[in-house]
Amino acid sequence: MLDLKLLTTFREVAVRGSFSDAAVALDFTQPAVSQHISRLEAALGVRVLERNARGVSLTPAGEVLVRHASALLDAARRAEEAVRDAAGVGRAQVRVAAFPSAAAGLLPGATRDLRARRPDAELALQVAELEPALDALLAGRVDVAVIVDSELSPAKRRTGVEYLPICDDEMRIAVAADHPLATRTSVALEELSDEPFLITEVAGTCADSNVVLHAFADAGFEPSVAFTSEDYQALQGMAASGIGVAMIPTMALTSSRSDVVVLPLRGRAPARQILAVVRKGEQDPLTEHLVEALRRSARALAGVPTLVAVA
């Protein structure tokens with residue numbers, strides 16, 4: 001019989017490709033991780049990992065085991081929750097990892113929606129960027145990873161997971177309340193070619209920067225950049241000061257300042273894609289409820305009415 005604690009350690013090592021990284025994630029010592037793997041291999045009678053100078057790799061037997069590990073551990077977790085629920089102890093829980101602006105803008109509405117439909121459930125949230133969120137999902141520490149992507153430069157897809165669309169998060173323009181454009185109802189990006197811009201980091205290594213850089217290229221000009229930051233609140237603050245106009249995703253504007261005016265971009269606004277990632281093959285009604293709650297929250301943020309079925 002497989003020991004679930006040893007299986008948890010194995011899965012963490014397999015996902016991270018490193019004994020030391022797995023030890024940090026599990027809050028174990030590295031010798032303890034090595035001992036767990038040795039005990040697992042002794043119980044199975046086969047080697048599941050190959051050690052080498054660059055880290056560790058899966059043996060053919062390890063490849064088979066890692067495909068079953070997530071399902072086994074998730075089934076054990078759900079069994080424990082079902083037993084506790086039957087005994088009236090604890091509540092059903094769905095665990096989510098989300099990037100910062102989704103955690104601040106998308107999850108509050110989704111949480112309210114989920115509670116309205118499933119009063120018995122609770123949501124446990126952690127803030128994490130793309131790769132750490134997917135690592136946590138594959139390691140079984142979360143049930144849903146909310147990530148940002150761009151069709152212009154899509155992130156490398158992982159095996160063993162499904163990518164479910166939530167929404168397209170459109171970019172908007174934030175200007176100071178006393179800016180000449182503040183009285184407008186919308187603006188075309190081409191009209192802003194002479195404005196200094198406040199934008200996300202322009203290295204082109206993340207979905208947001210790819211979207212922004214492609215938007216300027218499509219508009220036919222190279223922006224004059226006055227300030228860059230990954231902190232969208234900082235971009236709003238700089239826009240309020242009047243040193244430039246900021247390009248910010250709608251989701252990051254849920255706590256917009258009173259001294260800025262937010263303008264939609266005319267035409268087909270540049271947008272980043274928001275995805276929910278779940279483990280492939282798992283059927284969990286609570287996870288499905290959350291994905292739908294995320295979609296409804298996204299529609300509300302975008303100002304799109306949510307249709308209610310009439311019996």
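## H1 against H3

Let's start with a crossing: helices H1 and H3 cross in a left-handed way (the near helix is turned anticlockwise from the far one by less than a right angle; clockwise would be right-handed). Helices here are DSSP runs of H or I with at least four residues, numbered from the N terminus. This is a predicted model, in which local features need pLDDT of at least 70 and side-chain atom pairs count only at pLDDT 80 or more, while totals for chains, interfaces and linings use all residues. Residues are numbered from 1 along each chain as its sequence is written, and side-chain values use heavy atoms, leaving out hydrogens and water.

The axes of H1 and H3 come within 9 Å and cross at roughly 115° (lines fitted to C-alpha atoms over the stretch in contact, with angles from 0 to 180 degrees between N-to-C directions). The two helices are therefore roughly perpendicular (65 to 115 degrees; under 35 is roughly parallel, over 145 roughly antiparallel and the rest oblique). On the H1 side, Lys5, Leu6, Thr9, Phe10 and Val13 meet Val33, His36, Ile37, Arg39 and Leu40 of H3, where contact means heavy atoms within 4.5 Å. By class, these residues are six nonpolar, two polar and two charged (Asp, Glu, Lys and Arg are charged; Ala, Val, Leu, Ile, Met, Phe, Trp, Tyr, Cys and Pro nonpolar; the others, Gly among them, polar).

## H2 and its partners

H1 spans residues 4-16 and H2 residues 19-26; they pack at about 125°, with axes 8 Å apart, so they are oblique to each other. Their crossing is right-handed. Thr8, Thr9, Glu12, Val13 and Arg16 of H1 face Phe19, Asp21, Ala22, Ala25 and Leu26 of H2 in this contact, a set with five nonpolar, two polar and three charged residues.

H2 also packs on H3 (residues 30-44), at an angle of about 105° and with 8 Å between the axes. That makes this pair roughly perpendicular. Phe19, Ser20, Ala22 and Ala23 come from H2, and Gln30, Val33, Ser34 and Ile37 from H3. Here the tally is five nonpolar, three polar and no charged residues.

## Arginine 295

Setting aside neighbours within four places in sequence, arginine 295 touches Leu164, Pro165 and Ile166. A polar atom of the arginine 295 side chain sits 2.9 Å from the backbone oxygen of proline 165.

## Confidence

The protein chain has a mean pLDDT of 85, with 92% of its residues at 70 or more (pLDDT is the predictor's confidence in each residue, from 0 to 100). Over residues 304-311 the pLDDT is below 50, and this stretch has three contacts in the model beyond near neighbours in sequence. Where pLDDT is low, the predicted coordinates should not be read in detail.

Terms used: A polar contact is a pair of N or O atoms within 3.5 Å; within protein, one must be able to donate a hydrogen and the other to accept it, and residues adjacent in sequence count only if both atoms are side-chain atoms.
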